[in-house]
Amino acid sequence: MSHAVLFLDFISTFAFALVGAKVAALKGMDYGGITFVAAVSALSGGTFRNLALQIQVAWLYQPYLLIAALLAVVFVIAFASKPIGKFAIILDSIGLAFAAVAGVNLSLEHGAQPFAAIVLGVLSAVLGGLIRDVLCQTPPVLLHRETNGTATLLGSIVFAILYKFNVPFSVTATISGLIILAIRLVSIRFKWNLPKLRK
Amino acid sequence: MSHAVLFLDFISTFAFALVGAKVAALKGMDYGGITFVAAVSALSGGTFRNLALQIQVAWLYQPYLLIAALLAVVFVIAFASKPIGKFAIILDSIGLAFAAVAGVNLSLEHGAQPFAAIVLGVLSAVLGGLIRDVLCQTPPVLLHRETNGTATLLGSIVFAILYKFNVPFSVTATISGLIILAIRLVSIRFKWNLPKLRK
Amino acid sequence: MSHAVLFLDFISTFAFALVGAKVAALKGMDYGGITFVAAVSALSGGTFRNLALQIQVAWLYQPYLLIAALLAVVFVIAFASKPIGKFAIILDSIGLAFAAVAGVNLSLEHGAQPFAAIVLGVLSAVLGGLIRDVLCQTPPVLLHRETNGTATLLGSIVFAILYKFNVPFSVTATISGLIILAIRLVSIRFKWNLPKLRK
């Protein structure tokens with residue numbers, strides 16, 4: 001994996017672990033549960049991505065990913081009394097952008113079809129939060145009232161198109177990452193949601 | 001993978017996505033959640049099967065599988081006001097039969113023990129529905145009052161036996177597929193269930 | 001895989017399947033659900049471990065693992081009216097010790113970083129019980145009030161350290177296994193728990 005992917009993974013790992021640890025703490029889990037949910041939130045997306053691409057699972061051979069997750073747990077425990085609302089949302093949105101960009105890039109480089117690479121980009125970004133909600137037994141926000149999926153989907157599509165036209169990685173990653181970040185922050189600000197199906 | 005397996009995968013993908021999208025819509029999920037649950041319902045079984053066999057995950061390189069899942073979502077959204085009960089049950093039963101047959105066949109061809117190939121055939125067929133229910137936070141029908149497991153188990157056992165005796169694929173697949181379909185439809189018609197354990 | 005790992009896997013498979021089948025039966029699942037939950041409880045940890053290490057999933061090629069799980073189901077159904085409390089807890093603790101030792105050993109032998117091997121040792125031991133609770137829709141004991149995680153974590157750390165100093169496998173496995181067993185049994189006896197985060 002390139003250094004760029006490693007760096008993107010580090011930031012998104014920390015962000016996802018932070019949110020995961022906070023959700024688990026609010027659910028009344030013990031320190032073990034908090035750490036476990038944080039690690040699962042942070043590492044599931046990338047783990048599935050690499051298993052699906054039949055390449056090494058990164059955290060087995062790159063200890064810094066587990067360290068990023070543990071740092072986030074220490075952070076949440078140290079500042080337990082403080083709400084982390086805004087900070088966590090912004091960091092989580094950055095994490096989403098980084099995880100999606102890293103996911104779609106890695107998938108395309110390993111020969112996945114563009115259509116599948118886009119799906120894998122989305123999954124890299126959202127799978128951890130989904131499993132977090134399942135473990136915490138709350139209705140998954142991803143499935144009910146979120147724009148995480150839409151934002152990472154659009155960003156991943158843009159990435160795949162720019163990649164197809166051989167735009168340099170730095171430009172491609174920046175544009176598609178900013179799209180994800182913008183959609184997330186605007187949708188949070190104005191409480192945008194996807195419509196539901198009339199029954 | 002052979003063309004036969006690809007065709008079986010396509011039909012069962014569409015069927016599982018259709019049921020998944022309907023269940024998600026009834027749970028009040030938004031369009032993103034419906035699409036996500038549909039895709040997970042449709043692709044989990046085959047994804048796990050291929051990961052376990054250490055072969056390529058099909059939908060990464062065969063875009064038609066994702067297209068089948070998306071078509072089912074469009075179908076459910078377009079006909080949202082209509083109940084799809086009977087049609088969905090029949091299609092789902094066909095999907096189960098196809099997925100189990102494809103799963104046990106692929107596993108045997110990749111050197112899995114017959115016993116394990118049977119388990120993998122069953123898992124190919126039922127895993128998507130199980131994860132669907134976990135994501136939708138309903139008690140998994142598979143575990144409480146279903147004959148999906150029994151039907152696909154018996155069909156997979158028959159497949160493995162016929163395969164052992166070198167019966168041609170077309171005959172083996174037809175017989176074991178029809179067994180699954182018959183058990184499913186008869187058990188639905190007469191509300192058969194497996195017994196529970198007296199406590 | 002060495003014979004030692006196979007033997008450890010067999011015992012822990014039986015133990016986890018026994019507890020899984022009992023939990024599923026108490027939840028009112030039918031025979032199919034009981035068998036399914038038992039198998040998932042028993043095989044998830046080792047399956048994930050091997051997928052992550054990119055080596056063969058053991059139960060596909062070693063039928064004795066599925067047989068161990070089935071034996072446990074027969075045992076639970078045959079003695080359905082008897083509580084299995086103490087026996088199950090002791091067996092489950094032995095299973096945890098064996099699964100963690102086998103997991104960390106296999107991971108180190110396949111070149112995982114010590115830090116990651118420890119995580120994989122813990123996951124080998126606890127993942128089945130976690131998925132069992134998700135399928136049975138009970139709050140995962142692992143995350144709320146358990147010492148499974150702590151016990152297997154400490155045992156796995158000791159294993160990794162002794163392994164690093166080239167202590168023979170039999171000594172390393174015995175010491176770290178006994179540590180896990182001791183922590184489990186003492187914590188059950190005195191109702192020890194990890195602290196929760198003050199909110």
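Reply: Across the interface of chain C and chain A, the rule finds zero salt bridges. A salt bridge here is a side-chain nitrogen of Lys or Arg within 4 Å of a carboxyl oxygen of Asp or Glu.

A word on the basis of these values. This is a predicted model, where local features need pLDDT of at least 70, side-chain atom pairs count only at pLDDT 80 or more, and totals for chains, interfaces and linings use all residues. Residues are numbered from 1 along each chain as its sequence is written, chains are lettered from A and ligands numbered from 1 in the order in which they are written, and side-chain values use heavy atoms, with hydrogens and water left out.

Start with chain C against chain A. Contact (heavy atoms within 4.5 Å) involves 32 residues of chain C and 32 residues of chain A. The size of an interface is often given as the accessible area lost when the parts come together. Between chain C and chain A, about 2,600 Å² is buried. Carbon and sulfur atoms give 70% of that area. Buried area is the accessible area (1.4 Å probe) that two parts lose on being put together, summed over both.

Polar contacts come next. Three residue pairs are in polar contact between chain C and chain A, both residues at pLDDT 80 or more. A polar contact is a pair of N or O atoms within 3.5 Å; within protein, one must be able to donate a hydrogen and the other to accept it, and residues adjacent in sequence count only if both atoms are side-chain atoms.

Which helices of chain C build its side of this contact? Helix H2 (31–52), helix H6 (114–135) and helix H7 (141–144) of chain C each supply at least two residues. H6(C) provides the largest share, eight residues. By type, the side of chain C that touches chain A divides into 20 nonpolar, seven polar and five charged residues. Ala, Val, Leu, Ile, Met, Phe, Trp, Tyr, Cys and Pro count as nonpolar, Asp, Glu, Lys and Arg as charged, and the others, Gly among them, as polar. Helices are DSSP runs (H or I, at least four residues), as strands are (E, at least two), numbered from the N terminus.

Now chain B against chain C. This contact takes 32 residues from chain B and 32 residues from chain C. The buried area is about 2,600 Å², with 70% from carbon and sulfur atoms. Zero salt bridges are found across this interface. Three residue pairs are in polar contact, both at pLDDT 80 or more. On chain B, helix H2 (31–52), helix H6 (114–135) and helix H7 (141–144) each supply at least two residues of the side that touches chain C. H6(B) gives the most, with eight residues. That side of chain B holds 20 nonpolar, seven polar and five charged residues.

How are the copies related? A rotation of 120 degrees, with 0.0 Å of shift along its axis, superposes chain B on chain C at an RMSD of 0.0 Å. That is the relation of a three-fold axis. The superposition is by least squares on the C-alpha atoms of residues with pLDDT of at least 70 in both copies. Only 12% of the interface residues of chain B are also interface residues in chain C, so the copies meet through different surfaces.

Where are the salt bridges, then? The whole structure has three over all chains. In chain A, Arg132(A) pairs with Asp133(A), with the closest N and O atoms 3.1 Å apart. Arg132(A) is buried at 11% relative accessibility, and Asp133(A) is buried at 4%. Buried means under 20% relative accessible area, exposed over 50%, and partly exposed in between (1.4 Å probe, protein chains only). In chain B, Asp133(B) bridges to Arg132(B) at 3.1 Å between the closest N and O atoms. Asp133(B) is buried at 4%, and Arg132(B) is buried at 11%. In chain C, Asp133(C) forms a salt bridge with Arg132(C), its closest N and O atoms being 3.1 Å apart. Both Asp133(C) and Arg132(C) are buried.

One backbone detail remains. Gln54(A) has a positive phi of about 60 degrees although it is not a glycine. Gln54(A) sits in the loop between helix H2 (31–52) and helix H3 (58–61) of chain A. It is partly exposed, at 34% relative accessible area. Gln54(C), not a glycine either, has a positive phi of about 55 degrees. Gln54(C) lies in the loop between H2 and helix H3 (58–61) of chain C, and is partly exposed at 35%.
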